[in-house]
Amino acid sequence: MTATAHAKEDAASTHVLAQLASLLRSGDVQAALALTEAASATRATPDEAAPEDAEADVVGRIASPPLDTLSFIERCQSGGGYNYWTHVPAAASYSEECEIGGRLAEEFLTFIGKYHNNGNGALLGPIVIDMDKNSATRGHKIGFMNTINKYAMGAAYLLHAEKHAPEHPWTRCRRLGRELAEALKSTGDEQFAYIAPKGSGTPTLLFGHLDYHPSTETLNATPDTRGTPEEGQDFSELFYELINLVELAETTLDILREMDYTHGDGSRNAELDRVVALQRVLCTNLATLRESAEILDGPTRWIAA
């Protein structure tokens, strides 16, 4: 007789994969396996043929093979029922006993995970009772129950973890912007940051002083309006003008590098080669000038000799 399995599929939580990845990165493979089992606990393949001699669970409607399929469970020869802890291999040491107990727990968990019906859901109790009845060693008990506990902990984490909705891109941008603003404030300097989208063709991130403006009057002022020698003059704006000029030159060079250097007939575009060479020289000289001008940055005011 062939029994069929019928189970209703439930949609997995959107954060299950993220939790699974986190557990795997931390090295807790057992908890990750338990998480996977819990997420797919109600999923079954329709019309899946049950194993031969299967005992169908009337309530769960999920077919399960006889319990003595497990290596440590044996059907009683008389009176019916099962001996739930027997034929367990002996061990020469406590650590070997723990290893055997853990291996049998893995076998048990694989069984109830594959055949998760109501009957198998109550299988752990008889196993624990027969462990004591049949004088299971301390190592067997510790190895078996610790393994069960790790899987239970993974399932409990899934059940009680907070469900976070995916963060909208604009919400994330504003959150990261606030964090950047706090980081800039912690530097103690009056600075601002300009952020461009990836692939926009401009530098992704630029920094500048809040008092900077291209039309500043300091650089354009006449000798009569720039103040007396005693007051001094702040040239930091000149330094930031050079920074912007270097960024502009390097961006132009990046654009030139992406251009097609061949004519339609397949010959090399020598004119474009010369432009790129000149632009490279310009970028090098501007970078040197910018490094030399760093001395102008800061609150120091320069007084004419």
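**Salt bridges in the predicted model**

Arg175 and Glu179 are joined through their side chains by a salt bridge with an N to O distance of 3.3 Å, a salt bridge being a side-chain nitrogen of Lys or Arg within 4 Å of a carboxyl oxygen of Asp or Glu. The structure is a predicted model, in which local features need pLDDT of at least 70 and side-chain atom pairs count only at pLDDT 80 or more, while totals for chains, interfaces and linings use all residues. Residues are numbered from 1 along each chain as its sequence is written, and side-chain values use heavy atoms, with hydrogens and water left out.

Both Arg175 and Glu179 belong to helix H6 (residues 169-186), where they are four residues apart, about one turn of the helix; helices (H or I, at least four residues) are DSSP runs numbered from the N terminus. Arg175 is partly exposed at 29% relative accessibility, as is Glu179 at 43%, where partly exposed lies between buried (under 20% relative accessible area) and exposed (over 50%), computed with a 1.4 Å probe on protein chains only.

A search of the whole structure gives eight salt bridges. Among them, Asp254 and Arg257 form a salt bridge at 3.5 Å, N to O, and these residues stand three apart in helix H8 (residues 236-257), a separation of about one helical turn. Asp254 is partly exposed at 39% relative accessibility, and Arg257 is partly exposed with a relative accessible area of 48%. Salt bridges with shared partners also link Glu167, Arg175 and Glu179 into one network.

A salt bridge also connects Asp68 with Arg75, their closest N and O atoms lying 3.9 Å apart. Asp68 has a relative accessible area of 31% and is partly exposed, and Arg75, at 38% relative accessibility, is likewise partly exposed.

Note on methods. Helices (H or I, at least four residues) and strands (E, at least two) are DSSP runs, numbered from the N terminus.
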